[in-house]
Structures are given as C-alpha cells and as structure tokens.
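Colleague: I'd like to learn how to read a sheet and a cavity in a model. Could you walk me through it?

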Amino acid sequence: MRLTVAPDGLGDYRTIQEAVMAVRDFMQVRATIFIKNGTYREKLVIPAQKTNITLLGESRDGVIITYGDYSGDAAGHTTYTSHTVRVQGNDFWAENITFENSAGPVGQAVALHVEGDRAVFRHCRMLGHQDTLFLAIENSRQYYQDCYIEGTTDFIFGASTAVFDRCVIHSKSNSYITAASTTPRQAYGLVFRHCRLTAAPEAQKVYLGRPWRPHARTVFLHSELGAHITAAGWDNWRDPKNEQTAFYAEYQSTGPGSAAAGRVPWARQLRAREARRYTLARIFAGPAPWLPTPD
C-alpha cells in the first residue's frame, strides 16, 4: 500500500494525519506514506492500531512537520501532551523528515514523542529546545540512524531502550543532553554509537546526562565529543543517592570533551569486553527479539 501526501493537492491527501487514518488498522504488511516537500502544520498522532506505517519524506530538510504546543501554555499542555508528533503504533518507520516543535525556549516542548515498539528513524531531524525527543515508555525499542537532534535541556529523555548510530547531537545552550528514566528491569537505556556532539557558540558547559529517574542508563561509545562537554561529564540531579543507582559509561570516544581524567568518580569507562555487549542484537533482545536493518 502506498499513499502520497502533497500540500498542493496533487496527491492522495493534503495532510499526513488524513493519510495515516486511511491506512487499515493493524496492518500486517507495510503501508508507505510518501510525503512531498512542504511544511505541514499538524499535531500528528500515529494511533496504536496503525501498525507497520512508514512515513517517507521527499527530502529531510524539505518535509517539515511542525507545531508549537508547550508545557504550561494557555491550552494547559504538559510535557506529555506538548508533542508535535506522537507515535503509538508498533513497527513505525520514518525517513527523510524534520520533526519540529516551534514554541521556542519556553520550557518543555516536545517535537517527537515515541511510545510504540520497534520504531526506526533514518535521516531525520528533531528540532526544538527543552525536551525535544521523548522516548516515552519502558516497553519501547527505538533505533535512530544518521539523524540530527538539537535542543537545550534534557532534549533526549525518557524510559525507552534506544540506540543512536552516527547521529549529530547539537546543544544550543549550557545544560544537559540526556535525562534517562530507565527502570531497574532494563539492561540497556540510551546508547550512542559513533555519534558527533556539537554545540552553538554560547554552549560551553554541557553535561552528557543526568538521571530523571534513579536507575538511568546512558552510554556513549566511539563518539566525538566537542569542547562544550564539561570535564565532569555527568550530573546527579542534585541527589547523591542517584550515584549509587545510575549507570553512566563511555568507551573510546574522541575529541576535546572525551577526557576521562576529569569525569565524576561514579561514571564508568568500559572495558573492551563490556563494550562488545553493545550490539543491536543484545540491546534489542527480549521475549520477542528485534533487529533493525541499518545501512
């Protein structure tokens, strides 16, 4: 099944939401929605019954899904409802798309909220400030490849098990990149492999992460860390007890922000045999193992 969305009316639908709702519920085969270049001002939801959907953009920078809700706005939105796009259906795939929250630096404002299992994002951009990308629930596995993610505070956060391969992670201010809320039941949380951490000129003291919940797990492997990454690397979110439960680790990263000498003593530098456990097959194992097919 293939549908086309075009803002000029020269497709099957003018809005992405209309196309999503036109897909049969609980699809067992993949339905592809091709999205032509344009700016789509939609608060888009992929409902739980809409499974096996692919959103395929004409070009990454040309297809922009944008909205401007934020926590505490006049409509009473919270972090959990401020999303521009919310993915609830399993086996979702997005490629060549920009997800944007246009609210600006006004507090929590989510661009992309993902809670479906086995979600893949390739060649996408996630644009925002605080709380740009919400990895929303524990029982969700997510894979990001060659994506660009920007924000200010805790802009990659949540409880899901997620892998970021070859992504650019761009900090726009002095703050924290990640805020994992991994549960004690999870062997993995947020895993960054071969990523590049960059920053705006005004961002000169950025932490790799802080624990939104006590058992947060975040690991950076083989990544390039810019000079904006503070020597301490990690923060305990004003609670020393988190140092006993959070798992923060690095392995063979490079760049001026990667020096192990100044790191907080409760963070880890992995050994080679430990680092070898961070394969997609291991990270995404479970009662129903899943292996995304990266390029």
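Colleague: Which residue is the bridge partner of G38 in strand 6?

Modeller: V63 is the bridge partner of G38 in strand 6. This is a predicted model, where local features need pLDDT of at least 70, side-chain atom pairs count only at pLDDT 80 or more, and totals for chains, interfaces and linings use all residues. Residues are numbered from 1 along each chain as its sequence is written, and side-chain values use heavy atoms, with hydrogens and water left out.

Colleague: How many bridges join strand 3 and strand 6?

Modeller: Strands are DSSP runs of E, at least two residues, numbered from the N terminus, and two of them pair if DSSP finds at least two bridges between them. Strand 3 and strand 6 (63-67) have four, in the parallel sense. They belong to an open sheet of eight strands, paired in parallel in the order 3-6-9-12-15-18-21-24. Strand 3 (38-41) and strand 24 (224-225) are its edges, each pairing on one side only.

Colleague: And what lines the largest cavity?

Modeller: Rolling a probe the size of a water molecule over the atoms shows where empty space is left. A cavity is a set of points, on a 1 Å grid over the protein atoms alone, where a 1.4 Å probe fits but cannot get out; lining residues have an atom within 4 Å of a point. The volume is the space filled by probe spheres set on the points, which are joined across faces, edges and corners. Here the search finds one cavity of 30 Å³ or more. Its lining includes Y188, R217, F247 and Y278, and strand 23 (217-221) gives the largest share, three residues.

Note on methods:
On a 1 Å grid over the protein atoms alone, a cavity is a set of points where a 1.4 Å probe fits but cannot get out, and a pocket is an open set with protein on both sides within 12 Å along at least five of seven lines; lining residues have an atom within 4 Å of a point.
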